[in-house]
Amino acid sequence: MTATRPPLPHFRKPLLETPFHERARELQQNDHFVAWAGYSTVDVFTSVEQEYFAVRNATTLYDLTPMVKYRVAGPDAERYLNRLVTRDVRKLKVGRVSYVVWCNDSGHIIDDGTIFRLGARDFRVCTAERQLDWFSDSAIGFDVTVEEVTADIAALAVQGPTSCYVLKRFGLAGLERLKPFELGEFAVAGRPLMASRTGFTGDLGYELWMRPEHAPAVWDELMAAGRTRGIRPIGSQALNMARIEAGFLLPNVDFVSAEHTVRVDRDRTPLELGLGWLVDFDKPHFNGRRALLAQREQGVKRLLVGLDVAGNKPAHNALLYAEEAGRREVGSVTSAMWSPTCKRNIALALVDAPYHATGTTVWADIYLNRELVWERRMAAARVVERPFFAPERRRATPPADR
Amino acid sequence: MAAAPAGAGYDAIIIGAGHNGLVCAATLARGGRSVLVLEAGAAVGGCAVTREFAPGFRVSAAAHLLHQMPAALIAELGLAAQGLEYAATALPTTALDAGGEALEIGDLAALGRRSAADARAWPEFDARLRRFARLLHGLLAAPPPRLGTEAWSDKLALATLGLRLRLLGRREMRELLRIIGMNAYDLVSDEFESGLLRGALGFDAVLGTNFGPRAPGTVLTMLYRLAAESAAGPQALAQPKGGMGALTQALARAATAAGATIRTSAPVARIQVAADRAAGVVLESGEEIAGRAVISNADAKTTFLRLLGTEHLDTGFVRRVDHFRSRGVAAKLHLALDRLPTFADTTARALGGRLLVAPSADYVERAWNHSKYLEWSARPALEITLPTVNDPGLAPAGRHVLSAIVQYAPYAPEGGWAAQRQPFTDAVLGVLEAHAPGLRASVLATELLTPADLEREFRMSGGHWHHGELAFDQFYMVRPVPGAAQHATPLAGLYLCGASCHPGGGVMGLAGRNAARRVLAEVAR
């Protein structure tokens, strides 16, 4: 007879709740929750359009807590991260944040994320998916510790053109001096809080990092501070619209992690995703370098690009053709939307060489369901530079005080 | 003669003067490359050395018989001219019974006295296994092909393998494919009823591996051993005069004669990298030596994780190297004896050969059970030689040396070797005494080399004789790991030439020769 263990109750509630959950539950109107990295999160609070326009015109709160976070620390932390990711981490100063991708041996992307340099030997790495296995194996031979701290830190994105004003009213004195990708330590009412000028909207915005027990009070005070500036919480759908306009990639939408693909040729390298600017061949060795170098020499067979699609019907999942007659298939759309701010029909798409060159016109095969009758439309789609929307205010330091 | 090193350093720097390193050095130097061999120890030879373990008593430190180095390679390197002589060749293998009886393997008359059925079955079994072994030898002799490439050499190698298999004939091919994934225990139990024969065959299948005869894949290791022996030629199971060190001394002379430089007591601290290429080495003394190719005779873990450093490699590759199983379970016992021991019922001829204490396959399997739980075998299986029978010069006049491979001794037993060394030695001596009454009283000195000792003395990760387990998942195209299975490594200019490579361990020399051929093709003069 083996010793009896107390029964584990986890199966009764498979999804965890973030420290903001009670506040979010009170404010959402649709009972529209989705699972995100093991947490229950709100997909739409009120209506997608209302939330989207708040991102571009007011201030929004988005609960980031489920984003997976790791603490990477130790004497070799910098060397370790520099071997892990494709950018040069040696250039990342303390108090700065860097957007990075990391690849497997064949140069295919495993995930993307951000590295926060908290100290000379102390980093936080935020990822879309759990990475402890890869991060731990990458630590072989390095004097570094990697631990997951997702549940130890509550995170809230505060984004929108009035966000700086609202956060200063909330109590973050001097926040206006923070440059893009910079972070600062603050304290509000005795509660320590880290703010970084980062986000996924392509707009002016910040992310707040705090102890979980402080989360509800911070939420309440922010909502009060932002009342005159149209503050509202948003769900993942509105955020997704903003990120497409900003040209940001979403794992499992615009690419599939090389750890998850099972089919041949479904892995993507940073060069294929238009993220070549993240790959620094001049720094010391990093995972995938030799494979990426070979790909750079041979040239990519396909590239993720922006499309400006004719008409106003989003090209969701459209196959792309070289000519209007739709004979030669040259790629497919990964993300698409009508951009209310740009007043353009935009899309992100993987396009084969040589059709991915900027200015090339390809044809999107769009299917429309019009009251249960399917119609098909060939729309001209021009390859354009990303991002689609890049307002000055996202970089202006200090931001407008209003 | 090889060119003198230019200002840019040597054409090739070889880390480790074990037999593979020396074969590699000799082959490269004969190919006109400037070669420097760096040996950490005070003498060349690596594991294949003869050394004094008690005043006046010398013994081969690890492997004590030469039975796997191809005769063609020995001839190619002219080792006879370099002083390699044999004290004895074509040595017999004799299985010892607990009851004091002995059975020479292959002696049909003796086998018939134990079992008429076994005597009838033996010739066909033996011939078939030797046929399979000859086929497998073709695999051992060349670097394995890569899968999924467009290279003709790879396609040809795969096609040749398929053709060789097909040429066995339908019945024999089917039989090979039936048994190759099996365990040795089942195979020998199907064929024979004599426990002594089953034990001897089962033990030979697992000698030097972390397996018992019931472990899947042990027919492969059995065939592997036979394959290497079949290439070694009729002299196989030979005892070099002066011990295994005489072989590596001859190899060193052959390398030097061809123009290679050998430095001993020159441990390498790390491999230097410049512009994503191996550029040379740094010695522990701090001395830097430049080389256009660096060839490591060290095992894969030592080479990649310690000498090169993981920062020059990709995570997936490092993960595979880290998972390479290399925990040894074979220990070595050396006894200095004041007289020749008497093993019951053995002939003088048998005493000069291999004596096996593996009275049944179950005995060997039970011995292995202990090591699974980090215990040493209470009743270990032994391969015993008495090298002084054929080569009296290894001990003072009238005295003798007993050299035994002892299984199983875990790398890190529960309680640690400091506490377990004496009880384990006593257990081995107890088994020896049971087979050779009076032996214990004749012991003048004892030396036990555990896997931990072998790791320390010969710088082999885990103290594994083959630098890594020989098993399907670490064999041929995936040995030591995908990405380094054809001697080249992910780092340009860095090569492996040791037992971590195909075809693996044993004093064979093919890994060194094959690595040299690859470097000759890739590194111009």
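## An enclosed strand and its hairpin

In chain A, strand β5 (residues 97-103) has six of its seven residues buried, so it is largely enclosed by the rest of the structure. A residue is called buried if 20 or more other C-beta atoms lie within 10 Å of its own, exposed if 12 or fewer do, and partly exposed in between, with C-beta atoms placed from the backbone. Helices (H or I, at least four residues) and strands (E, at least two) are DSSP runs, numbered from the N terminus. This is a predicted model, where local features need pLDDT of at least 70 and side-chain atom pairs count only at pLDDT 80 or more, while totals for chains, interfaces and linings use all residues. Residues are numbered from 1 along each chain as its sequence is written, and chains are lettered from A and ligands numbered from 1 in the order in which they are written.

The antiparallel partner of β5(A) is strand β6 (residues 109-119) of chain A, with seven bridges between them; two strands pair if DSSP finds at least two bridges between them. Across this pairing, A:Ser98 stands opposite A:Ile115 in β6(A). Five residues lie between the strands of this hairpin, and A:Gly107 takes a positive phi near 80° there.

## A buried strand with two partners

Which residues of β12(A) point one way and which the other? A:Gly205, A:Glu207 and A:Trp209 point one way, A:Tyr206, A:Leu208 and A:Met210 point the other way, and all are buried. Strand β12 (residues 205-210) of chain A thus has six of six residues buried, so it is largely enclosed by the rest of the structure.

Strand β9 (residues 154-159) of chain A pairs with β12(A) in the antiparallel sense over six bridges, and A:Leu156 has A:Leu208 as its bridge partner. Strand β11 (residues 191-196) of chain A also runs antiparallel to β12(A), joined by four bridges.

Chain A is divided into domain 1 (12-65 + 153-246), domain 2 (68-151) and domain 3 (301-384), with bounds that come from an automatic or database domain assignment. Taken over C-alpha atoms, the centres of domain 2 and domain 3 of chain A are separated by 35 Å.

Six strands of chain A close into a barrel in the order β14-β17-β16-β15-β18-β19, with antiparallel pairing. From one strand to the next, the twist averages 40°. Strand β15 (residues 319-321) of chain A is joined to strand β18 (residues 361-370) of chain A by three bridges, and A:Leu319 has A:Asp365 as its bridge partner in β18(A).

## Crossing helices in chain B

Helix α4 (residues 116-141) and helix α9 (residues 218-232) of chain B have axes that come within 7 Å and cross at roughly 80°. Axes are lines fitted to C-alpha atoms, for helices over the stretch in contact, and angles run from 0 to 180 degrees between N-to-C directions. α4(B) and α9(B) are therefore roughly perpendicular to each other, the word for angles of 65 to 115 degrees (under 35 is roughly parallel, over 145 roughly antiparallel, and the rest oblique).

## Where the chains meet

How many residues of chain B are in contact with chain A? There are 14, and they touch 15 residues of chain A; contact requires C-beta atoms, placed from the backbone, within 7 Å. Helix α12 (residues 315-323) of chain B gives the most to its side, with six residues.

Terms used. Contact = placed C-beta atoms within 7 Å.
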